[in-house]
Every structure is written in C-alpha cells, then in structure tokens.
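Hello,

Here is the structure for you to look over. My notes on the ligand site and on one residue follow it.

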Amino acid sequence: MGSADKRRGPSLRRRLVLGLLAVLTVLIAGLGTAEVLVLRHVLYQRAAHSLRTELQLLAASEADTSAGSAPTPAACSITPGSMAPGLAGAGAPRSGPPPGPGAPVGAGGQRGSTLGAGAATALAGVLAQRGVASAVVGPGRTILACAAAAPTGSRAGFSVPSSAAKELSSLSGAGGYVTLDSQGRHLLAISQPIGADTAILVTDLADDDAAVRTVVLVTVLGALAALVMAGLLSRPLLASGLAPLTKVARTADAIAAGDVGQRAALSRSNDEVGRLGTAFDTMVDRLQTSLEERDELVRQLRSREQTMRQFVADASHELRTPLTAVLGAAQVLRLGAASDPEELAESLWHIEAQAERMSRLVSDLLELSRHDGAALPGCPEPLDLAALIADESAHWQGMYRDHPISVSVEEASVEGDRQALLRMAANLVDNAAKYSPAGSPVEITVRCVGTRAALVVADHGPGIALEDRQRIFERFYRGDPARARATGGAGLGLAIVDSIAADHHGTARVDETPGGGATFVVTLPLRDLPAGRRAS
Ligand code: ADP
C-alpha cells in the first residue's frame, strides 16, 4: 500500500465489512448469552421441579411405611442455628429452645412432626441413594434427618452445605431454588414443606452445567463460523454492490485527467445508485458544455485577436504606400522641382492623389469600425429599399456614364440605417462599374424573395474566380492585385458591404452573372411581409 493509500485509510468496502462483522458479533454475542442464560434457567428449574416431584412421591410412601419406626440420629453439616424460621414448619408447636449444634435429635424434635424422625431418615436415605443430599427439619427447627448423597460413578458424594438453609431462607414464595458452590461442586438446593416439616434437598448440577457448556461451545463455534462466512460472503456482495460507485470514481478520475467525454453510464434505475449515476452524468454533461463554450470563446477571442493584428498590419501597409509616395513627391519638391512649373504641377498632383487615396482608406476604415459591432450604429428606421435605390439611381447614372445602369425594383420594406444601406449599395455599384469594361451594362434589382428583400447588382465584366469568392468579403482582400492596384482599391469595399449587411441581420454573397460577370446579392429581412408570404 502506498503512502497516499495509507493516508486515505481503509477502503469503504473494508470499512463496511468490518462494520458488518462488528454488528454481527454484538448481535450473536447478545443472542448467545441470552440463549445460554435461558437454557441454564430452564435446566435448573427442571432439576428443581423433578426434585420436588420425587420428594413428594417418596415422602408419601415413607410416611406410610416408616410410621412409628425408631429415630436415627443424623450427623449433619446443617444445624438448627443456621436455619431461618421460615424453613422449619412455621405452624408447628415450639417447645423450648432448639437443640444446640450437633445435638442428637430427641423425642421432642418429633413433636408435631408430620414425618417423624424414622420416616424422615428413611426418606433421606432413599434420596441419598438417588444422588440427592437432604435434611429434614421438624417443627422448632429440629433436624429430623440428614443424609449425604451417595457417590455415583467417578463422582464423590456430597452433603447438604451448611449455607444451604441460609440461602434458601432468602427465597420468597414457593417453587424457587438456589445454586451453591460447595465442596468443589456446583449444587442446586430447594426447600419443600412436608406437612409441618421442611425438607432441604440438594442435587449436583454437573450434568446440567455440562449441557450448558456444550451449548456454549457449539454457540461460540457456530458464531465464529458464521462470522467467517459473513466476512467471506460479504466481500463479493459488497464488491458488486459498490461496483457502480467504483465506476463513478474511475470516471471522475478520467474526467479530472482531462477526458471529459467519459460518462459513468450506470443503470437508469430509480434507486440511490441510479440517481447518483444520472446526476453525475448530467453534471458532467453541463461541465463538458461549459468547457466547450469556454474553448469556443477562447478560439473566437484568439481568432479576433489574429484578425485585429492582421487588420492593423494590413492597414499600416496600405497607408505606407501613399505616405511613401507623398514623401517622395515632397523630396522632389525640396530638391528644386518647385522652380519648374511642370514638375511642380506633377508633384502636387501626386501628393493630391495619394492624399485622396489615404483619405478614402481612412474613411473606409472608419466606416468599417462603425459597423464592427452587432448593433446598428445609426438609428434604424422603416425604409422602402426599392424607393431608396430608385432615388439614388439617377446619381449613379450620372456618376458612371460609361456604363448603362438599369434599375428594376419592387416594394420591399426593411428596417435599417439609410446612410449605411446607401453606402452598401454604392460600394456594389462602384465595383460593378470599376471592374467591368466601359460600355458594359450594370443591372440593379430590388425584389422580395420569401421573407427577405434582395438587392442584386449584376455586371458583365470579368467576374470573380471561384477560389476568390469565399474570401472576397475579407478585409484588404483583393482578387486580382494588379487590377486592383490599377483601380486604387484597398480591398475594404466588400468588407464594408458584408459588415453593413450583418448589422441588418442580412447576408451578402457573390454569384456569377449568366453569360459572365459578377452578381452581388445582399438579402435583408423584410419588415412587413407581403400578404401572400405571411403564412410561410
Ligand atoms: P476594392 O476597394 O479593392 O475594390 P473591394 O472589397 O470592393 O475592394 O473588392 C475586393 C476585390 O474584389 C477587388 O480587388 C476585386 O478584385 C474584386 N471585385 C469586387 N467587385 C468586383 C466585380 N464587380 N467584378 C470583379 N471583381 C470584383
């Protein structure tokens, strides 16, 4: 066992086995003790009862046969002085003080006696032959007869112990018995009135005690066997009972080690173990969900950070080109170009063009930053996209005279920021004019598609390569750098379109115009659905 295991202490299974064995030991010990005590009491009572029955039978027959026979003095360890009044025929007449210890039983002792000394002696003799020591006490506590039990087998005889009378006097009521330890023997004594006399009978409890000892031995051996069996059987039973807990613990270890996909998957029963398994798995489900959410959040933050870094780098790069050009033009001026009107005009034109480019770039960056959040920057208002586009089309037609611009609209009520939506449409129209050859037509359409309004700007220019379509809406992405450089774009126009569409819960995509060219489609949620579309 490792030091960690030692610190943790014994396992739950071991503790349960030990607890079970402790409880079983206490129960078996209690039951065994009660059983032995009851058995001993029953055996002693039976011995006392059989003594009484025997005495009654013998006393009746001895009273008949020995009437008038001569009294035989008895040498007896029990003395009149050791007897309490209750033991010596309370109703019998008392004539003077009882004889002293060891005094022979005289005729006076027989006065009022039921048995008389002869019958009492005979009775004691018969009892002695049957292994019972006895003393018969007459009225006035005179000892009529006294006999030791005859030896039986290997066991020596025994006489009535001197303490028997005293012990018996403490009994309340008839039918009781006392047990005594005397002469190295365990004895049972009873007292039984016979008319005016009282007989004290003492029997050996060796057989009864041997029976009790056998029962004790059997009980102890049985209890030990039961405890061993309980220990052996309870281990596999507890192991199978605790198996679900072991599984939960192993699963928890695996989860702690990072494998959050693990589940206890216990039975779905409604008992404690089933409920524990369900609660554990639900808890792990939640843990896994929140960990996945956290990971997703971290991924998003990292990706945002990466995008932001890329954005700053791209913006710096885009600004550096015109700045370098401005710097160059300024140096040319400083080196004397100012004196030549033509060179001066060219340098100033350069500076102006690059400043304009920077201004456009900065305004695009500002526009992008305004539409970088989830909420609309301006005040959203109900708008008819068709009217908005139709009103602006004249301006575009004037601006891009090289391109025939056609407009086809149907009413489409949306909610949004007027300026932002105009900027979005303007970027698309500007691109269409910019990237298609002069004279090629541009078609602007507004229509309703299902629950959405669609703004479509189609041109018939070179179109956009399939591999560029996925990235065309990214910031600073230019499909064809040579062509883009010629047109002066920084690759922010479509990123602004995408941001504005997203701010309006819309989407932006590019398709191919049938016959060649690019078709940009922006969809926005319709505010008031036309009657026929509400059901869908
Ligand atoms: P720019 O300011 O460079 O125009 P945009 O984001 O508007 O940036 O466009 C990104 C790139 O997409 C352009 O460089 C161009 O290659 C391509 N592009 C955009 N519109 C069109 C179009 N109508 N036809 C062909 N290519 C287009």
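A polar contact here is a pair of N or O atoms within 3.5 Å; within protein, one must be able to donate a hydrogen and the other to accept it, and residues adjacent in sequence count only if both atoms are side-chain atoms. An oxygen atom of the ligand sits 3.1 Å from a polar backbone atom of G491. For G493, the polar backbone atom is 3.3 Å from a ligand oxygen. N431 uses a polar side-chain atom, 2.8 Å from an oxygen of the ligand. The protein covers 97% of the 530 Å² of accessible area that the ligand has on its own (Shrake-Rupley method, 1.4 Å probe).

The model is predicted: local features need pLDDT of at least 70, side-chain atom pairs pLDDT 80 or more, while totals for chains, interfaces and linings use all residues. Numbering runs from 1 along each chain as its sequence is written, and side-chain values use heavy atoms, without hydrogens or water.

Now the shell. There are 22 residues around the ligand (a heavy atom within 4 Å). N431, Y435, D459, G491 and L494 come nearest. By class, the shell has 11 nonpolar, six polar and five charged residues. Nonpolar means Ala, Val, Leu, Ile, Met, Phe, Trp, Tyr, Cys and Pro; charged means Asp, Glu, Lys and Arg; the others, Gly among them, are polar. α10 gives the largest share, three residues.

Last, D468. It lies in helix α11 (residues 466-469) (a DSSP run of H or I, at least four residues). D468 counts as buried because its relative accessibility is 12% (buried is under 20%, 1.4 Å probe, protein chains only). Beyond neighbours within four places in sequence, D468 contacts Y477 and G479 (heavy atoms within 4.5 Å).

Best wishes

How values were computed:
Helices (H or I, at least four residues) and strands (E, at least two) are DSSP runs, numbered from the N terminus. Buried means under 20% relative accessible area, exposed over 50%, partly exposed in between (1.4 Å probe, protein chains only).
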